[in-house]
Amino acid sequence: MNAQLVSLLNQIASSINPNEKVELVKKLQELVLHRDPTALATVFPLVLEYQRDRTVQVRQAVVDFILAVCSAHQEYIYTAMESLLMMSSDQSPNVQRKVIHTTLLLLPLVHKLFLMPSSTQGHVESKQRGLFQALCQLCKTACQFTLEKNESLGLQSLKLVESVIKLFSPCSDSSGQSPSLWDELKEGRHCISKEQVFQEAEQLLSEIMKIFKQSSEDINFQVRCAAMASLFHIMEERCVFANKIMSVVHSVIQGGDSNLSNAQKVTERSSLKSLLLSAIGVESLQQRQSILQSLELALRNLGVDESTIANAKNRKISVSTSVRRPPKRPYAAKSNERDSKRIRSQQYVSAEEAKTLADSLVSKYPLSTLVEMVLGKLVEVPPVLGDETTKTTEEARLGTEEQPPMNNNNNNNNNNNNQVLGVDQSVSKLKRDPRLDPRLASKLARAASSTPSSVASPQDKTKETQQQQSQDWKKESQSISEWEETKKEEEQVVPLSIGHSLQKPPALSLPNYSDEMIERFSQESCKRILFAEKEATIGGGNALRLALLGRMLPNCKQDQSLYKEAIEFILEKIESRLELAIHWLYGEAAFCVSSAVREHYQKLVFDVMKKGLKDENNDTGREPWMEQTVEQLQEKLISMNVEFSKDATKSELVDLIVENSQGEENPVFHWKTMEQQQQQQYDLEKYVTERYKTLFYIFARQVARHLTMDDSLFAQLYVQAPILFQGAVDEVRTCIEDPSKTTAVLHALIEIMTERPGKDQMRFLDVVLDYAVHEDEVLRGPAIRLIASRLYSMDSLTEAIERFAKEKLLSFVDEIMKDSASHRLEKEEMENTEKRLQRCSSLYVVLCSRKPALLISLLQILEQNCDEQVIDLFKTYIPNLSRTLSEDSPELVEIVANHSPKVASFVLELLDSLMENGKKPSPQVLEAARKHFQDPSQPLCDVRYAIPFMDSFSKEQVVSLLPHLVALQDSDEFKRAVTKLLSARSPVMSASEFLVELHLLEPKDAAVFSLRNVIAAIQYCFELKSMFPQDAVATSLQQLVEKSPIPILLLRTVIQSILEFPQLQKFIISVIFARLIDREVWKSSRLWEGFVKACQMTVPRSVPVILRLPPQPLKDMLQQCPNIRQAIVKYGQRTKQSIPNWLWPLLLSTDEKKENG
């Protein structure tokens, strides 16, 4: 994986901005798909880890990444489908909808993978079964989405379920479409059977049918309509389900849902009628007489005449060319349109009719549509006055007429006033509707204000009133442009947060209410803002609402009902109202900060006053010098080595003396500037109020209940909290000690410590470090993993972590050494000691794997402070260290080259573990080890350092090391060396050759090894039967018997071979014994002794070979071994010709001679 990929992955892990993280994921996707596809195997699982990210945008980006990767590389679909299944339970509907849509796009690829033969690749079968189960489970989850209120998610889920049902069921005979998965599956070739897929299709169809059994109050009406359309699409293309679907259709026609409104019932029946008319013309359904009759019956129940049914049947629709979808939002608004036309046709509308119309429009149409209608035609209400008496809006804007129009009919005028009043009330209701967006409300207010504010007055009005009204209109028309500009500025709503204020705070002038009334007003207003959550969210004023509550709630008292109601309101839905809780905490923290600032400025004023007093005292230091003469002053300056002018006055000389003496007697007082004082960091914890602590405890404990599902709320509270005190840190400890929350809290601490550097960061680090040495392994393990994987890589924490780990290690070593010094540790004490070792030293050992330089310090600690018994305890960590330690690291070279003999066993086991893990030794490490077993400057060669590298030596080097290997006191070390040598891929010598070389060793120098060492080494070889089988032993014996001189240990090995491998007796007698007789084995007393013993062990099978001995050696053998003589006698009695005549007297006793005559 190249450096650019690593950099992108690190940036994604450290980024906090969701938008930035999404862009980085897109760059990573582009890089691995088009530039470096080989890194996809490593990058893909790393990106999938962000499927639990706390931001919705990142989780959506992960889904997009899955789609892009699987579209280009189908082998990742197995892992991707499992991730999509997990993300289908996401809390965000947007993520769930994207997961469903992605699954729908991947269905063709899934279809292709299902058809891959299981016999071609053995691992494909298990993957296919897992993919099938994941897809079925995801479809069942999608069926649950259809029963919820979310319309877009339900519609998308219906598309997926419909597609999967079609994929898992047989195609209709005359559908003309591409075959489904059911059609293409073959028994014995695919691991998934037709029965399995068809059973899943039936279950999914049953889940869709549940929609029509649920109450319409619980299900979105648009999803209900789309579900019926999906059933018809399935029936037209998969006739096998026609009977089940038609039973649902008949139940809907006959029963229906009583909770549906009249308009919804009309819409459902109309949509059902169109679907039935389309389905009755499908050829595949017409071929089934029972289905055709059921369709006709359903149409008749809906009131369709026979001629319409006949025309629909004659159309002969083909499913492959007919793709029909109902409109996304089917409105049954014909009656409303008729009413609207009727109203528009009227010339006059009464106030009651206008109010009724406005109420009906508000309840039926979206608010954005209503605002556009208001701006266009004033809610489609016709003008309330006649053409001859109406002044248009444009004339009012331009002010072309100075006098208002007059109406001659006073009754008409009163009626018109009522009509305009009705319209104004309708517009006012729209403006007050909390669901209306603020910008649309501003447009509505501007449009309403552009109409004349009054209508024509009657003729009997006084002239003075008319002139006054004309002047008002003219004034309004002149200032209309200025009013619009002011209105535009008011429309610019700035979201507020803590520390910000309104751009133009309104100037409020309250009457002279009492303090009690004002407090009551403020409480009621705060309650109204508190419970207006939905309205503020829809209207876009949620930021303003939070800012206001953040300022108002801290001012309410704890014994007031508002305080308790606000807490209950936040705790009810803490996952969506945590931001409000944080604003409240910031408001409470403002009091703490004000106390700190007040104390700071008091101290600052005190310091300034102190400085002034000091300056005055410094001025008094001139008086003693002013009493002296000029000559005395000059002598003082000369003694101080200060240059001065001879013409200087007495006052100037005194100034020089005072100035140069301040550094010695009165040092200059250095004062910080005001800005430096303000930049000083204050410990706000001592100013935290009990009320702030109480609120934080309440919110933190409520958030902690959600830790088992999500850690984002916990992290958000601790990251954004204005002040963290010791009690807040203790709450973290309490959550960690709950095993079900340990992992979630530790994961949240990563973000908390990243976002809160400084004192808070070190506090939480202390918490994690304390649990890294906890007695409970369930708590200790996650803490250590968090430190090693995330925290140790942070530069600001590295030194503190290392210092803590080393202190704990040293404390354990000191404690255990005190115990071992008093007495030797028994078995039970050793078990307790091992537990303490894991608790106190596991962190340091894990850090050693991350930073090998710490391993050198560990060896120094073991060397200086530990005995062999304690060092043996630390050897349990060697396998973990060897897995992460590089074979060519400089630290390993340093450890091997320079260490004391006290820790040699630890280093040797570390080398052995490294080689056992398949790591090849680097030349530097091998050269460092050579100093211990081939350095001429060392009198004794420690061959133990050569054992890990035995498979890398040449044959000559191995032979040169054999004397030192056989001299090893520990048999396990010798066996490990032999195993390492002979188990190599290309061993430099075989087992038989190794045995031969052992027999050829001659103990010339007893200081190195003795013959007893060689005998023990040969014995160890016979114990390794897997390395030294029967054939290898036979080959070595055959080679040894030909050596000159014959090795002294040959006969001993022959005897041992007879005992270990009885099958070799025939080979030994016929080949080895015969060759030994040929080479006159009796001439060597030691060899002859072994030969006689071997013959004793093999009689009577060895008698023919024994008879080949010359007379004198044979006589000696018969005298030494009576059993051999008896065996020869029995052999001679059977075959007398094989025994020479001179031998019979020696074989028979006196009695036997008489009997035989």
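Pro1100 sits in the loop between helix 55 and helix 56, where helices are DSSP runs of H or I with at least four residues, strands are runs of E with at least two, and both are numbered from the N terminus. The model is predicted: local features need pLDDT of at least 70, side-chain atom pairs count only at pLDDT 80 or more, and totals for chains, interfaces and linings use all residues. Residues are numbered from 1 along each chain as its sequence is written, and side-chain values use heavy atoms, with hydrogens and water left out.

The peptide bond between Val1099 and Pro1100 is cis, with omega about 5 degrees. The loop that holds Pro1100 also holds Ser1102, between helix 55 (1085-1098) and helix 56 (1103-1106). Ser1102 has a relative accessible area of 0%, so it counts as buried (under 20% relative accessible area; exposed is over 50% and partly exposed in between, with a 1.4 Å probe and protein chains only). Its side chain makes polar contacts, meaning pairs of N or O atoms within 3.5 Å; within protein, one atom must be able to donate a hydrogen and the other to accept it, and residues adjacent in sequence count only if both atoms are side-chain atoms. The side chain of Ser1102 reaches the backbone oxygen of Cys1095 at 3.4 Å and the backbone nitrogen of Val1099 at 3.5 Å. Beyond its neighbours within four places in sequence, Ser1102 is in contact (heavy atoms within 4.5 Å) with Ile1069, Phe1073 and Cys1095.

Another cis peptide bond runs from Ser1044 to Pro1045, with omega near -5 degrees. Pro1045 lies in the loop between helix 52 (1030-1040) and helix 53 (1050-1060). Glu1080 is in the loop between helix 54 (1065-1078) and helix 55, and its phi is near 55 degrees, a positive value in a residue other than glycine. Most residues other than glycine have a negative phi, and most peptide bonds are trans. Glu1080 is partly exposed, at a relative accessible area of 33%.

Cys1121 is in no disulfide, and the nearest cysteine sulfur, that of Cys1095, is 8.2 Å away. Cys1121 is buried, at 2% relative accessibility. Cys239 is also buried, with a relative accessible area of 6%.

Two helices can be checked for length, taking the expected span as 1.5 Å times one less than the number of residues. Helix 6 (residues 93-114) has 22 residues and should span 32 Å; its end C-alpha atoms are 29 Å apart, which agrees. Helix 6 has a kink of about 45 degrees at Leu107, shortly before the proline Pro108; the bend at a residue is the angle between axes fitted to the seven residues ending there and the seven starting there. Helix 37 is mostly covered, with ten of its 14 residues buried, among them Val745, Leu749 and Met753.

The protein chain as a whole contains 60 helices and two strands. Of its 1157 residues, 45% are buried. Among contacts between residues at least 6 apart in sequence, 71% join residues at least 24 apart. The accessible surface of the chain, from the Shrake-Rupley method with a 1.4 Å probe, comes to about 61,400 Å², and 49% of this belongs to carbon and sulfur atoms.

Technical notes: Disulfide = S-S within 2.5 Å.
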